[in-house]
Amino acid sequence: NQGLATLAFFGVGVNLVLFLTRVLQQDNADAANNVSKWTGTVYIFSLVGAFLSDSYWGRYKTCAIFQGIFVMGLVSLSLTSYMFLVKPNGCGDEEHPCKKHTSFEIGLFYVSTYMVALGNGGYQPNIATFGADQFDEEHPKEGHSKVAFFSYFYLALNLGSLFSNTVLGYFEDHGLWTLGFWMSTGSAFIALALFLLGTPRYRHFKPSGNPISRVSQVVVAATKKWTLKVPAGSGVLYEVEGKECVIQGGRKMLHTRGFKFLDKAAYVTSDDFGKDNQEHPSPWRLCTVTQVEEVKCILRLLPIWLCTIIYSVVFTQMASLFVEQGAAMNTTVGHFRIPPAGMSAFDILSVAFFVFLSRRVLDPIVCRIKNVKTKGLTELQRMGIGLIIAIMAMVSAGIVECYRLRYIRKDGDSSLSIFWQVPQYALIGASEVFMYVGQLEFFNDQAPDGLKSFGSALCMTSISLGNYVSSLLVSIVMKISTKDHMPGWIPGNLNRGHLDRFFFLLAALTAIDFVVYLAVARWYKSIKFEGKCRDDEDSDESSDQSSNINEFESFRV
């Protein structure tokens with residue numbers, strides 16, 4: 001399902017920058033900005049999907065609904081292109097421009113593409129978490145398989161995009177835009193049908209309730225007791241007894257140090273149970289340790305998440321400036337013309353190679369060195385390696401651009417072969433395996449049980465903000481570099497610009513981000529779970545799952 005849905009999504013996204021320049025006749029800077037904004041919106045919608053999944057619909061229902069919206073958006077885009085945009089037929093390649101379009105036709109195009117953004121964005125974080133739900137963490141074999149699942153999930157994502165980047169990219173580059181969009185639509189429809197076909201065999205988990213209210217209760221309760229001093233130790237903090245849990249179907253979390261102000265929300269006072277000595281106090285006055293730790297967990301994840309945004313700025317160049325750079329190079333091999341967007345196939349091949357290398361070679365070696373039987377490199381270590389490789393990718397792209405500018409012929413074209421882009425694409429692919437797979441594992445593992453989809457959505461939102469930051473950075477660079485009637489770093493004609501300086505700027509920003517990341521990773525404290533908490537109806541089924549001894553004493557008045 002993930003492979004086919006990704007094929008459909010990238011069938012639109014990978015060549016979108018060329019569609020905007022060739023069919024809608026936008027210039028390079030505007031097209032790159034519009035692609036960044038659209039891609040960013042895709043991942044902003046992931047927060048909407050994650051919230052609905054965790055709170056109300058559950059992951060299965062959310063996946064099905066948003067995939068339906070995704071298919072409808074692709075149908076609308078295909079019809080709009082066929083009826084209005086790709087006119088005359090066969091236009092949109094390098095040689096045959098399309099006619100000018102009305103505001104109504106362009107409006108239909110943007111409505112369709114943003115329906116695709118909504119459908120794909122709402123679906124993506126939930127399908128990854130729904131797949132992880134199929135593995136029982138407490139079963140040794142399934143727990144180990146869950147760790148490998150994210151690598152193979154990301155590999156399936158890249159294999160799906162391989163077809164769209166090569167076959168669909170070739171069709172679209174030669175003006176067959178409508179055919180490419182219809183093939184994406186068919187792929188998305190088959191993906192949805194296959195997903196629904198597996199319904200009887202899935203493990204389903206109930207939504208855990210609105211996390212916003214739980215977080216708000218902790219903040220309000222802690223604020224009401226802001227003058228109190230909480231004694232050291234977790235034994236004075238409140239937690240429900242027995243099998244009940246504030247997160248429906250989730251696990252209790254153990255108390256951790258840090259963010260002491262929030263501990264006040266779980267500190268018991270004589271007023272918390274009221275004059276009638278109620279059995280269950282108001283959650284707006286007294287919260288459980290699990291609730292407090294849920295908020296602490298979010299606060300600890302945020303600095304790690306912020307450090308991944310600059311990496312996403314680097315990653316998004318593959319769909320915009322890498323393509324524009326490739327289009328300005330020598331793209332012919334004999335009588336065959338290589339579509340610039342098709343070079344991302346080397347990124348996908350690199351992902352496949354490094355997934356194998358990481359799981360089959362690197363992890364076993366690290367396990368032997370560390371003398372452990374489970375994981376090799378930790379998720380945080382992998383993400384750090386991903387940042388280092390991203391710096392190398394930007395330096396490589398900058399060097400290639402320097403040489404491209406040296407080999408410009410008199411006719412204005414560069415004689416430098418597009419295959420000189422292979423190293424930068426391969427390095428981006430390697431960095432993805434360490435950064436994005438590590439991110440998926442890290443946020444899924446460290447997110448509380450009631451916020452698992454939110455954890456996956458953080459990965460998506462990192463990419464989203466990376467696209468917006470990239471768009472902002474391009475705008476700032478163009479504004480500064482076009483002073484005194486200069487063409488700027490990224491003009492419509494790249495031969496007059498300095499794209500290499502922009503790539504070197506990104507390398508410098510990523511290096512600074514890496515230093516900050518090292519400090520944040522050292523500060524981070526992992527989440528600590530107790531046994532599995534159960535709903536009353538499930539208590540008989542899972543009575544053997546909660547054998548861990550709680551580190552804190554339940555306190556009741």
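In this predicted model, 49 residues of domain 1 are in contact with 47 residues of domain 2, where contact means heavy atoms within 4.5 Å. The domain assignment of the protein places domain 1 at 1-207 and domain 2 at 295-530; such bounds come from an automatic or database domain assignment. Taken over C-alpha atoms, the centres of domain 1 and domain 2 are separated by 20 Å.

A word on the ground rules: residues are numbered from 1 along each chain as its sequence is written, and side-chain values use heavy atoms, with hydrogens and water left out. Since this is a predicted model, local features need pLDDT of at least 70 and side-chain atom pairs count only at pLDDT 80 or more, while totals for chains, interfaces and linings use all residues.

**The domain interface**

The size of an interface is often given as the accessible area lost when the parts come together. Between domain 1 and domain 2 the buried area is about 4200 Å², and carbon and sulfur atoms give 62% of that; the value is the accessible area (1.4 Å probe) that two parts lose on being put together, summed over both. Across this interface, 12 residue pairs of domain 1 and domain 2 are in polar contact, both residues at pLDDT 80 or more. A polar contact is a pair of N or O atoms within 3.5 Å; within protein, one must be able to donate a hydrogen and the other to accept it, and residues adjacent in sequence count only if both atoms are side-chain atoms. The side of domain 1 that touches domain 2 draws two or more residues from each of α2 (16-22), α3 (28-57), α5 (103-133) and α6 (140-173). Of these, α6 gives the most, with 18 residues. Helices here are DSSP runs (H or I, at least four residues), numbered from the N terminus.

**The cysteines**

The structure holds 1 disulfide, a term for a pair of cysteine sulfur atoms within 2.5 Å. C91 and C98 form this bond, with S to S 2.0 Å. The torsion about their S-S bond is about 90°, so the disulfide is right-handed. Both C91 and C98 are buried, that is, under 20% relative accessible area with a 1.4 Å probe, protein chains only.

Note on methods:
Buried < 20%, exposed > 50% of the residue type's maximum accessible area, 1.4 Å probe, protein only.
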